[in-house]
Structures are given as structure tokens and as C-alpha cells.
Amino acid sequence: MKDHDTLEHRLTQQGISRRSFLKFCTAMASLMALPPGTAPAIAAALAQAKRPSVIWLSFQECTGCTESLTRSHSPTLESLIFDMISLDYHHTLQAASGFAAEKSREDAMKDFYGKYLLLVDGSIPTKDNGIYSTIAGRTNLDLLQEAAKGAAAIVAVGSCAAFGGLPMAKPNPTGAAPVSDLIKDKPIINISGCPPIPSVITGVLAHYLTFGELPALDELGRPKAFYGETIHDRCYRRPFYDQGKFAKTFDDEGARNGWCLYELGCKGPTTHNACATTKWNGGAGFPIEAGHGCLGCSEPNFWDAGSFYTPLAAPTSNIGAIAGAAALAGAAAAVALSAADRAKKKSLQQTHEKLTVKDISN
Amino acid sequence: MTLQDIAVKVERADDYSVGNISALLAEIATLLEKFIATGQSAEIDLKSLPMGALEYEQLRLALGQGEVAANLEAIGPSEIIETKYPGVWWVTHYNVEGDIVADLIEIANCPAILTSQPQDMQAGLARLQAAIEK
Ligand code: SF4
Ligand code: SF4
């Protein structure tokens, strides 16, 4: 069994100075989207933190979420967080395979019953008794139900585990379902995104480690610290939106000037995620900085929400006019616009509009 | 090759503005005013703010560099620069791979991370005494 002593003890053993630890806590505060002044409180809490056992189950998924996670798993400051958890089962990352791997999962479930964190990526097929995805001869559904019993909490990593994602897109041939549809008696935290931002995954783990509890969640079970605002709320192109300056094609003058991508289908106004500030690839940037609108990947049913290139409010309303009015009239018009966005998204989800060549070539 | 090796060309950093930087500078001025009056230090997490590469460069130009520049080597490098406005510090922490893990504006006499820590001093003293006894 792995040792589960305090972090302070482990860091001292590794010869890490107090100053380094304070730097680490400053990075943690930034990672958890807490005010920088909270670093000393984090230091005090973390010094006493114990290593929780983590079991990670992968179901109907593309491994993108694990790929994303391993981007924050190289020998870095953040990797200290992984020194702080005991990843007892992850069938892609672990060295063991076959019976030995399944045994390590069973041992962890037994040894840390009621205390381990269960991380899940991928949705769970439920049609025909769940036979569309099995591991070691057992259905995903069966494995999930068994592992959920002894879990302190479940973290659904990625839009598939959180909301069903691509496998659940129409016509949903496998009867895919998100974790929250199947498990009702455990706290579930949804870290949505396709994939989720790596530091958001580690940030949530860090929060659990530091404070021993799950962070505050929104109505869709997502941590508010990362999903409390929309991409649009924090988008650096927002001043252009407010001024009614929109790129009309991907290579026009507006696009070159970095104007708002709303008319090119940006789903930023209805998408809650931290991309605009936390960014991707070690902080290098996020899609809108590369000139492409947000796809809405962290929202339920985003695959069925119509073309990635059709504006949210089109074709039912004239966005230029509404946004211009919003800039003049302020909040009320902006609220009307976002209501139009939501209604449009809903109707697209219901009718399951498909992406056409015309959408990308206009 | 790491991401940092790919050169980023920022165009028109001097004359192009979408307004985010002037708002940030106004906030820094307010915090500095408060610090001078009450001694209450403050920090701004730049990673929590919307900023494109161009605006980040604009902020660098606007704050400039003052008299002090310090480097830390603590699980990756850190740069601590006093801007041309005394009391306004720019603290950038990197991990060992060179990614920025925290990027702060600190309003203080001296950023806390620069001061020696009691625990480290204790450990250092023990090492020094051991060296003398040798
Ligand atoms: S619509 Fe998209 S590009 Fe435009 S301001 Fe909002 S998030 Fe940014
Ligand atoms: S910008 Fe939008 S589509 Fe892209 S990763 Fe972020 S939330 Fe997903």
C-alpha cells in the first residue's frame, strides 16, 4: 500500500524549501482561480493535506481527456499535485495490465472504501444492458455502479462523462448516458469540455486536496470557479462585440483586425468555461486568439446544437442590429440577445441541424 | 523544442487598443494610492484577466522596468521586476518547463516571495553550523 502521509512531510523529504512551497501555493491559488492573497491559507491547509486514493475509470471516450490531463503531468510544478494523489487505477496510464490491473482497482476500492475519489471519463452505454462497451468482460455500467458505491465523490471528467458528449449525440446508437443520470446518491462534480482544460482538472483536484471538500458548483454540477462565467464574459475581443464590429468571413478585414467572431458562429456567449483566461497549451492561447470561434464544447448537447459556423442568433434575428442596440441600451438589450441565443440553441438541438459545406465556405 | 521557442510576433503594440489595458492601469493606480495611504498591499492575478498577446505586450510597455530585477530558482525560475512605478512589482513564476504558472502584479514595498523564510533560515543555520564543525 502506498504511504498517505502529509504533503509537508513529503516536500521536506524531497528537499523543497519553504519559499518554493510558497511559490507552489501561489501557483495553486492562480490554478484554482482564487484571489492571490489566499496563498498563505492554502499553504497552511496543504501542509496538513493527506494523499487521497484516486480510481480513474475510462468508458466510451476518445482518450482526449487523459491526453489533456497528461499535459499537466510532466515534471512541473503542477505535477506536485499528482505527487499528492495516489492514482491507484487508470487503465491507460498504469504499468500493470490484465488481472494485475483489475486487482489494483479492487484493492484500492477495498482499502479506501468510502474515501477514494472516483474519476470517470467517457459516457456509459445503457442500451441492450450496456454491452456496447466492456472492460475485462464487464460492462461500463456494472463497473461504474460498483466503483461508485465506495467513492467519497465522483468527478466526471470531460463532456462525455458530464453530459453524454459525442457518444450521446443523435441518434445515440449505444444509449449513452452521463454519470449523473446513473448515479444519484453521491456528490458528482462535472468538469466539462471536449477535452477539459488540463489545469481545470488539476485545479479541482487541488481544491479537494486543500480544503477536503468539493468546490462550489453551478446548476449543471460544474465548479463555479472555472465555469462561473462565459467565454464571452472574459473574451478579449469583447470590446469589439460591444462596438458592433464583427468579422464576416475568416479572411476579411474584420478578421485581420481581430474583431468579434460572433457572426462566424462563435458560441462564446452561451458557453461557460475558463479558456479565455486560463488558456491552453501552457497558457499559449485559446481558440479565439487563433481566429476561430468557440464551439461550445463544455455545454450539454453541443454536438447537436447546430453548425459551428452559424451565428447563435441567426437566421431569426439580425445580430448586427441587436448587438448595436445592446451597446447603446446596455444590459436589457444584452439580456434579450442572450435569451435569443439560448432559444436558438435549443431549437437547433431539437431539430439536429447538420453542418453543411455551405456553412464553412461562406 | 518547447512552445516558448516558437517566436510570437506582436504587431502594433503601441497604437492598438481594445480598452482592457487602460482599465487595468486605472485599477493599479487605485491600489497604489491605497497602499501609500494605508500600507495595505494588494495583488492582481493577470491569468484571471482577459488579455490577448498584444495587450499583454502593451501592459509590459506601459509598466516598463524600474530599478530592481531579481531572479528566483525555486522549482522553476521566477522573475521579479519593479516596474517604473515604485511599489508596483511584476512577479512571474515559471515551472521547470518554462510555462508561466502564476503571473501577478504586486503592490508592496517588496514582494513576499523575496524575503527569506524562517523555516529555510533554520535549515540553513543547521547546515552552516555543520560546515563549521567539519
Ligand atoms: S462572440 Fe465570441 S469572439 Fe465575440 S466577444 Fe463573444 S466570445 Fe469573443
Ligand atoms: S473556446 Fe469554447 S470550444 Fe474551445 S475549448 Fe473553450 S469552451 Fe471548448
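Predicted model: local features only at pLDDT ≥ 70, side-chain atom pairs only at ≥ 80, totals over all residues.
The largest nonpolar core has 32 residues, and the residues with the most contacts inside it are Leu117(A), Leu119(A) and Ile288(A). Several elements of chain A supply at least two residues each to this core: the strands β1 (53–58), β3 (116–121), β7 (151–157) and β9 (188–191), and the helices α4 (64–70), α11 (198–211), α12 (224–227) and α15 (275–278). The largest share, five residues, comes from α11(A). Both domain 1 (7–226) and domain 2 (238–304) of chain A give residues to this core, so the core lies between them. Apart from this core lies another one, of 25 residues, which includes Phe112(A), Tyr116(A), Leu141(A) and Ala162(A).

Ile288(A) is one of the residues with the most contacts inside the largest core. Which residues does Ile288(A) contact, leaving aside its neighbours within four places in sequence? They are Ile231(A), Cys235(A), Tyr236(A), Arg237(A), Leu261(A), Cys266(A), Gly293(A) and Cys294(A).

Cys294(A) also belongs to the surroundings of ligand 2.

Glu263(A) is placed in the loop between α14 (253–256) and α15. The side chain of Glu263(A) makes a polar contact with the side chain of Lys248(A), at 3.2 Å. Glu263(A) and Ala313(A) are 50 residues apart along the chain, and their C-alpha atoms are separated by 8.8 Å.

Ser307(A) lies in the loop between α15 and α16 (319–329) of chain A. Is Ser307(A) buried or exposed? Its relative accessible area is 2%, under the 20% limit, so Ser307(A) counts as buried. The side chain of Ser307(A) reaches the backbone nitrogen of Tyr309(A) at 2.8 Å. A polar atom of that side chain also lies 3.4 Å from the backbone nitrogen of Thr310(A).

Some loops of chain A hold backbone features that deserve a look. A cis peptide bond joins Lys170(A) and Pro171(A), with omega about 5 degrees. Pro171(A) is found in the loop between α9 (165–168) and β8 (176–177). Another cis peptide bond joins Cys194(A) and Pro195(A), with omega about 0 degrees.

Thr63(A) is not a glycine, yet has a positive phi of about 70 degrees. Thr63(A) sits in the loop between β1 and α4 of chain A, and at 26% relative accessibility it counts as partly exposed. Asp128(A), also not a glycine, has a positive phi of about 50 degrees. The loop that holds Asp128(A) runs between β4 (124–125) and β5 (134–135) of chain A. With a relative accessible area of 44%, Asp128(A) is partly exposed.

How many helices and strands does chain B have? Chain B has three helices and five strands. Read from the N terminus on, its elements run α-β-α-β-β-β-β-α. Of the 134 residues in chain B, 38% are buried. Among the contacts in chain B with a separation of 6 or more, 42% join residues 24 or more positions apart.

Definitions and conventions:
Residues numbered from 1 in each chain as written. Chains lettered and ligands numbered in written order. Heavy atoms only, no water. Near = heavy atom within 4 Å. Core = buried A, V, L, I, M, F, W, Y, C linked by side-chain atoms within 4.5 Å. Buried < 20%, exposed > 50% of the residue type's maximum accessible area, 1.4 Å probe, protein only. Helix = DSSP H or I, 4+ residues; strand = E, 2+ residues; numbered from the N terminus. Domains from an automatic or database assignment. Contact = heavy atoms within 4.5 Å. Polar contact = N/O pair within 3.5 Å; in protein donor to acceptor, adjacent residues only side chain to side chain.
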